[in-house]
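Let's take a walk through this structure together, with the aromatic rings as our guide. Have the viewer open and follow along.

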Amino acid sequence: MIRVLSTKKLLPNQKQYLLNAGLAVLEADFIGIEYLDFSIEHITPNLIFTSGNAFKSFLLSDDVGKFKDSAVFCVGRKTKELIEKSGYSVLAYADNAGELANIIINDYRDESFTFFCGSQRLNILPDALKQADVEFTEAEVYQTVLTPHKITSHLDGILFFSPSAVESYLSANAITTETCFCIGATTAAALKGITNNVVVANKPSVENVIVQVRSYFAKMREEGAKEHKE
């Protein structure tokens, strides 16, 4: 049986979707999140979140009430849904940090922002804003903690959802013939020089990674069946 590993624990329906495709599924959280205490001195009218974890940490702050009327800019549909459920207004969102930076630079260049981020945040958005002279302050509100696990079972595929998960996995395991399924190009870039056997999701969502896994191994089975007939 084809066996895949998810480097984050999946929701029951997500895991079932893989099981329904006849795949054996292993799962473990290869990264953890530690929320940090922080305070904001300068209150800006606009907030930026590039992850749901940053927003969850923001909600724990004693300063959260000061930002109730602020507009929010974020990355990811699920992060947008989380923010809106909490009573905040999302003015703009995008699928990745580069796209969000372009929206801000093109349409909101004269505004000021607070960017809430994690310890492993990428430079894409802040570098773009700096280059465009967009006024923003930065607050580190959570820390990414690597939680590697040694995997002894044979794997046919590995699901990665962040560069940090790739780093965590490689700290305890090697990648040889496994196909790696990545949530986006940045995660895939973390595998550069490690393997060329990479499939990148069409959309940056867990669900789309799962769709890619199902499609990939269904096609592999079809090709194997054709070769057997021949």
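Buried means under 20% relative accessible area, exposed over 50%, and partly exposed in between, with a 1.4 Å probe and protein chains only. The model is a predicted one, so local features need pLDDT of at least 70, side-chain atom pairs count only at pLDDT 80 or more, and totals for chains, interfaces and linings use all residues. Residues are numbered from 1 along each chain as its sequence is written, and side-chain values use heavy atoms, leaving out hydrogens and water.

Now to the rings. Those of Phe, Tyr and Trp (its six-membered ring) pair if their centres lie within 6.5 Å; planes under 30 degrees apart are stacked, over 60 edge-to-face, and the rest tilted. The whole structure holds 17 aromatic pairs. In one of them, Phe49 and Phe55 are edge-to-face because their planes meet at 90°, with centres 5.2 Å apart. Both of these residues are buried. Phe73 and Tyr108 are also edge-to-face, at 5.0 Å centre to centre and 80° between the planes. Phe73 is buried, with a relative accessible area of 0%, while Tyr108 is partly exposed at 22%.

Phe49 and Phe55 also belong to one aromatic cluster, together with Phe38, Phe58, Phe67, Tyr88 and Phe116.

Rings meet charges here too. A charge sits over a ring if NZ of Lys or CZ of Arg is within 6 Å of the ring centre and within 35 degrees of the ring normal. The charged end of Arg214 is placed this way over Tyr17, 3.9 Å from the ring centre, and that of Lys8 over Phe161, at 5.6 Å.
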